[in-house]
Amino acid sequence: MKLLFASNNPDKISEVKEILRDLPIDLITLQDINIDVKIIEDGSTFEANARKKATTIFELTKIPTIADDSGLEVEILEGKPGINSSNYSGEEHNYDKNNAKLLEELIRKPKPHRARFVCVINLKSEDDDEIFFGECKGEIVDEPRGKNGFGYDPLFKPDGYDLTFAELPIEVKNKISHRYNALEKLKEYLISKNKLSS
Ligand code: IMP
């Protein structure tokens, strides 16, 4: 089946492509069909933002669409950065500044700094409007470690591992991540609806 991934984030696109690689899914991106829209993520939940992205793009293209809204929730910060994960450090945000801001916020907070990555995917088509939730629990480490992945990966050590997401090979992250867990549920759903028989 053809599935449009409504994202302009090259890091997410490469992970989703890799995770879905062995399935009979023709995954295309907005860039592949020359769509350049900026969708304002003004929802108050991951789910609302994922729905907004998927619905907007499906209405525009009529191609079955998935959108991912994701982020990091730190327990002692009451779930922050949460839905503001991408712009945590303000208007001039980037991955390094977001990581620096997070470490600054945690500097005097008691350890361990428990956290989880969350991924909410909305599948929107003529006959589907489904939400798939994935999480990955772990801890925030004291300084950035590793070069793989993106975003907060250098600061996040998943439970059961001594290495951060950015130190682990990307194949390992893609078997345990929040995004993998949400996509597994999408896969189960598509199988149950007979949409993956090629
Ligand atoms: P979104 O585009 O609003 O979903 O923002 C996602 C933001 O959450 C990214 O910019 C990252 O800061 C963070 N994030 C989401 N998933 C990951 C991940 O797998 N690794 C590291 N950071 C992530």
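1. The structure is a predicted model, in which local features need pLDDT of at least 70, side-chain atom pairs count only at pLDDT 80 or more, and totals for chains, interfaces and linings use all residues. Residues are numbered from 1 along each chain as its sequence is written, and side-chain values use heavy atoms, with hydrogens and water left out.

2. Most residues other than glycine have a negative phi, and most peptide bonds are trans. The points below concern exceptions to these patterns.

3. K80 and P81 are joined by a cis peptide bond, with omega at about -5°. P81 belongs to the loop between β3 (65–74) and α3 (95–106). Here helices are DSSP runs of H or I with at least four residues, strands are runs of E with at least two, and both are numbered from the N terminus.

4. A cis peptide bond also links K111 to P112, where omega is about 0°. P112 is placed in the loop between α3 and β4 (114–124).

5. K62 is a residue other than glycine with a positive phi, near 60°. K62 sits in the loop between α2 (46–61) and β3. Its relative accessible area is 47%, so K62 is partly exposed; this term covers values between buried (under 20%) and exposed (over 50%), computed with a 1.4 Å probe and protein chains only.

6. N194, likewise not a glycine, has a positive phi near 60°. N194 is located in the segment after α5 (178–192). The relative accessibility of N194 is 61%, and therefore N194 counts as exposed.
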